[in-house]
Amino acid sequence: MSRAPQPFDPAVRSDERLVLDAGAVRAWSARTAEALGRERAAIDAINVFPVADGDTGTNLHLTADAAHRAVEAVFAAPGASAPDTADAVRAMAHGALLGARGNSGTILSQLLRGMAGVLAEGADGDHLARALAAAAVSAREAVARPEEGTILTVATAAAAGCADGGTLPDVARRAYEGARTALEATPGQLAVLGRAGVVDAGGQGLVAVLGALVETVTGRAPETLPPSPAPARAPAPEETCGPGGEGPGYEVLYLLEAEDAAVELLRARLDALGDSLVVVGGDGLWNVHVHVDDAGAAVEAGIEAGRPHRIRITHFASAAPAPEADRPDGAPARARGERAHRAVVAVLPGEGLAGLCAEAGATTVQARPGEPPAGDDLLAAVRRAHAREVVLLPNDTDLRSAAAAAAERARAEGIRVALIPTRAAVQGIAALAVHEPDRSFDEDVVAMTAAAGATRYAELAVAERQSFTSAGVCQAGDVLGLIEGDVAVIGQDLTDTARTVLDRMLQAGGELVTLVVADGTPPGLAALLETHVRRGYLAVDTVTYHAGEGAPPLLIGVE
């Protein structure tokens, strides 16, 4: 149960901070992620501009969560000196840059980057005031065509509210009050908001971020605005792009490694292609967001400018939920007992990993040590999925024959089955991440197969006895680092061996590292490896999953 905020009392100062030190940045990042998670649904519900696709709250929360994870990685790094404010704020900004989602999330990442540049030089109230001013300017410069009545207006008002500086708590309070007042005025500045009867969704998210800052530096949460009601009416087609609108039909996002001069040319080209253009970042790494009709042209422009990666393309019409009124009698999309259109069946080691994929919608089969599932187990899982089309992910080379036999038997029962020959759990995770049931079956299978094939995999295991391997002779108790199924590293320490394996895999390049950690591994292993990747490999992001019991000590995937 979430804690209700305490009434704000300016007279109470016992818990106030005068300096935004590294610990305070850590607390702020945690409270920000928590606040945006708590308000996610409410912010999604009032999202009508620039696209009424109901995801602003979700995008802000995902961006803030990425920022918080980056800060935690700095604090969890074993052997490193205690981080200072500069380390923490730069990590927060960098994490947000890598994890930015959507229009508002991308702008939030630039706001944090603008603040980080000033707070790295000082962390008192005067520096916070200057940081907020720099953030508002940098965010506005990142947007090709700024609109008033948006998150940009709220950021500018926050900076203006505390422009005279002062103590850290006073600056934070005045920034929050300025932002809150500006947010209430947004319906009068942007016609689509006024007609819908809501405040700006991105601006409301920024008020939550500043509220988390006030709570961090004062010890007490400020009074919050009552939740904005749902839109009084849907925006007219000419007011917004997206479903039913006349604006661009696709959202394109990607990270880009490029020089400043190339990025300026890219801005001009993308601005001519579409709207809602936001380009944030710097120092060779950028996050690009734009709405266009020709998604391919937007990606090609990035290729000409530098090296785009982690490309995400969303078709607004397919992303929008079907209105309840479009369903007969308000019935759900699938009646009880009716077969689902498509399902994914995945074999996974460890209860935690199986549970995670089950939450993502997969039907899972747990592989226990020494007890691989048989063909009958896989066939039973396909039947249990109760779908007309099934994608089967064995996630183990040794299960390929059993999976093929189960697929043939299922096809004989009238189920359309595609077997993707995934060889490791991390390949299955990559395939599941791009699964889109609204695509045609063939297109979905091709995309999932490509994602799995682009993921190199490794595993750490402990030798049970002396043996000859492709890396030499190992003794019982040695740590073995297997890359693509072959022993590549023999070590004495799990952490050191994991670092060596990661370095060898990343020598060939990579954009995303997936770590799957089992129970019983050294404490802090995942955090140490995340820090190792972040410090040694520019623009490589890391995601960690906990496999629980019954899995190898560590699985590694590099996409």
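**Exercise 1. How do the axes of helix H4 and helix H5 cross in this predicted model, and which class of angle is that?**

Solution. Begin with the geometry.
- Step 1: two packed helices are described by the angle between their axes and the distance between the axes.
- Step 2: helix H4 covers residues 102-119 and helix H5 residues 125-142; their axes come within 7 Å and cross at roughly 140°.
- Step 3: angles over 145 degrees would count as roughly antiparallel and 65 to 115 as roughly perpendicular, so H4 is oblique to H5.

**Exercise 2. Which residues of H4 meet H5, and what is the make-up of the contact by class?**

- Step 1: on the H4 side, Ile-107, Gln-110, Leu-111, Gly-114, Met-115, Val-118 and Leu-119 take part.
- Step 2: their partners in H5 include His-127, Arg-130, Leu-132, Ala-135 and Ser-138.
- Step 3: sorted by class, the contact has 13 nonpolar, 4 polar and 1 charged residues.

**Exercise 3. Describe the largest pocket by volume and lining.**

Solution. Now for the open space.
- Step 1: the largest pocket holds about 2200 Å³ of space.
- Step 2: 43 residues line it, and Arg-101, Arg-312, Ala-433, Val-434 and Glu-436 are the closest to its centre.
- Step 3: the lining splits into 19 nonpolar, 10 polar and 14 charged residues.

**Exercise 4. Which element gives the most to the lining of the second largest pocket?**

- Step 4: E9 gives the most, with 3 residues.

Technical notes. Residues numbered from 1 in each chain as written. Predicted model: local features only at pLDDT ≥ 70, side-chain atom pairs only at ≥ 80, totals over all residues. Heavy atoms only, no water. 1 Å grid on protein atoms, 1.4 Å probe; cavity = no way out; pocket = protein on both sides within 12 Å on 5 of 7 lines; lining within 4 Å. Points joined across faces, edges and corners; volume = space filled by probe spheres on them. Nonpolar A, V, L, I, M, F, W, Y, C, P; charged D, E, K, R; others polar. Helix = DSSP H or I, 4+ residues; strand = E, 2+ residues; numbered from the N terminus. Axes fitted to C-alpha atoms, helices over the stretch in contact; angles between N-to-C directions. Parallel < 35°, antiparallel > 145°, perpendicular 65-115°, else oblique. Contact = heavy atoms within 4.5 Å.
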